[in-house]
Amino acid sequence: MIKKWLKKLIPRFFLNQYYFLLAFFGAVFYGFPSQKLKVVGITGTNGKSTVVSLSTKILEGAGYKVASISSIKFKINGKEWINDFKMTMPGRFRLQKFLKQAVRAGCEYALIEVTSEGIKQYRHRFIHFDVAVFTNLSPEHIEAHKGFEKYRQEKLKLFKCASNLHIINLDDKSAEYFLKIPAKEKYCYTIEKRKTRAQSSKNLKAENIKTKASGVNFEVCGTLFHLNLLGKFNIYNSLAAVCVGLSQGVSLKICKKALEKVKVIPGRMEVIADKPFEIIVDYAHTPDSLEKVYQAIKKSKFKTQNLKQISNTKIQKPNMICVLGACGGGRDKWKRPVFGEIAAKHCDKIIITNEDPYDENPSKILSGIKSGIFNFSARNALHNDAGGQFPISNFYEILDRRNAIKKALELAQPNDIVIITGKGSEPWMCVEKGKKIPWNDRKIVHQELKKQKLITNH
């Protein structure tokens with residue numbers, strides 16, 4: 001709390017100088033360890049942790065010793081531990097210490113999930129980045145950065161620090177901004193029929209995409225990939241990781257083998273149980289990621305042919321039961337009603353609940369989400385769009401997150417899908433007065449399944 005007030009009182013210029021000096025002294029103290037590694041920085045709004053994980057698997061599959069940092073975990077040459085700091089990109093001294101440990105462990109590569117807030121606070125400074133990867137960009141941390149343009153400018157700073165190699169998602173609307181920044185070499189990836197005239201660029205395109213209930217198939221340069229991860233967005237994440245591999249001399253064959261071994265990314269479209277109904281936990285914390293998660297589930301799990309088969313039997317039509325919340329502490333309040341609208345558009349039953357309230361009134365946070373649900377239903381009713389109206393009888397407001405998860409499991413019937421979003425694999429819930437309560441959506445799901453004596457093969 002004191003730290004928060006000090007940040008408000010200290011002029012921005014002096015605060016920036018303080019962050020810069022911390023970054024410098026951290027690098028000096030640990031002997032500029034990044035200079036002895038090939039450092040890959042991954043930035044964007046969504047998919048960063050997944051790209052870090054998949055890229056790590058590819059480089060390890062090629063026989064390299066790798067260290068990596070993401071919002072999910074830390075890893076140094078096969079040894080890994082949970083990131084329980086509630087901070088995706090560690091502080092300057094901690095980050096330099098990690099890189100020093102990686103050097104001592106004989107690592108050749110270090111992959112770092114780079115956030116806009118981390119860049120804003122100079123955590124990326126005095127780290128020698130060989131490669132910069134851009135996943136995608138959508139509105140996030142708008143209030144903290146005072147606008148989307150400034151948010152994008154922070155992301156661009158990583159690419160200005162990595163003049164050797166850039167990897168860019170061509171299908172993102174902000175791609176042109178990243179392409180303008182000069183680099184010795186550029187790799188671009190796409191699913192659409194897009195090309196770039198960027199100098200020294202290599203394009204990678206996914207073709208013949210097929211969605212399955214267990215994942216997705218796609219082809220790259222004649223090589224067929226069988227991905228065990230759901231959603232079109234995971235094709236993009238995989239392409240980014242393949243670009244990392246190819247740029248470092250790893251063959252497409254090794255990339256394929258490494259990616260096909262990945263069964264799950266913790267807390268990212270993670271299937272917790274599949275009987276008697278499916279339960280999925282995902283980190284989705286932006287409107288864009290929430291929309292894509294719901295769309296992916298509908299496309300892969302509720303296929304037209306499956307619905308036709310069900311309609312010819314006595315089995316009830318499957319429902320999507322959604323548990324969601326929104327971050328507190330005054331963070332991105334604009335997202336709350338948008339979350340509500342997206343949920344009302346896609347879900348059959350909605351339970352809104354606590355996520356990370358921080359020092360804000362949890363009921364006030366839920367009111368913002370609720371307004372979006374009701375606005376969506378009222379607007380569609382006005383236009384006589386019966387298919388788009390969300391029945392208010394299918395809406396539940398349960399502040400206690402455990403009870404919300406419990407309610408979702410009680411509502412679910414065979415063939416339904418329960419999707420719990422917002423926290424993913426996070427080990428904490430942040431509440432008032434700076435307190436962190438141990439939390440794990442996945443563990444709570446298993447506990448509640450056991451209490452209800454529901455059968456699961458996970």
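Let me begin with a word we'll need: a residue is buried when its relative accessible area is under 20%, exposed when that area is over 50%, and partly exposed in between, using a 1.4 Å probe and protein chains only.

Hello, everyone. What you see above is a predicted model, where local features need pLDDT of at least 70, side-chain atom pairs count only at pLDDT 80 or more, and totals for chains, interfaces and linings use all residues. Residues are numbered from 1 along each chain as its sequence is written, and side-chain values use heavy atoms, with hydrogens and water left out.

Let's start with the rings. A pair of aromatic rings is described by the distance of the centres and the angle of the planes. Rings of Phe, Tyr and Trp (its six-membered ring) pair if their centres lie within 6.5 Å; planes under 30 degrees apart are stacked, over 60 edge-to-face, and the rest tilted. That rule gives 17 aromatic pairs. One of them joins Phe29 and Tyr30 edge-to-face, with 4.8 Å between centres and 80 degrees between planes. Is Tyr30 buried or exposed? Tyr30 is buried, at 18% relative accessibility, while Phe29 is exposed at 59%.

Phe29 also pairs with Phe93, and this pair is tilted: 6.2 Å centre to centre and 50 degrees between the planes. Here distant parts of the chain are linked, since Phe29 belongs to helix H2 (residues 12-29) and Phe93 to helix H4 (residues 92-104), 64 residues apart. Helices (H or I, at least four residues) and strands (E, at least two) are DSSP runs numbered from the N terminus. Phe93 itself is partly exposed, at 32%. Elsewhere, ring pairs connect Phe20, Phe24, Phe25, Tyr122 and Phe126 into a cluster.

Some rings have a charge over them, meaning NZ of Lys or CZ of Arg within 6 Å of the ring centre and within 35 degrees of the ring normal. Arg94 lies over the face of Phe85, 4.0 Å from the ring centre. The charged end of Arg331 is placed over Tyr358, at 3.8 Å.

On to the cysteines. Which two are joined by a disulfide? They are Cys322 and Cys347, 2.2 Å from S to S; a disulfide here is a pair of cysteine sulfur atoms within 2.5 Å. The link is left-handed, with -95 degrees about the S-S bond. Cys322 is in strand S14 (residues 320-324), and Cys347 is in the loop between helix H13 (335-346) and strand S15 (349-352). Both are buried.
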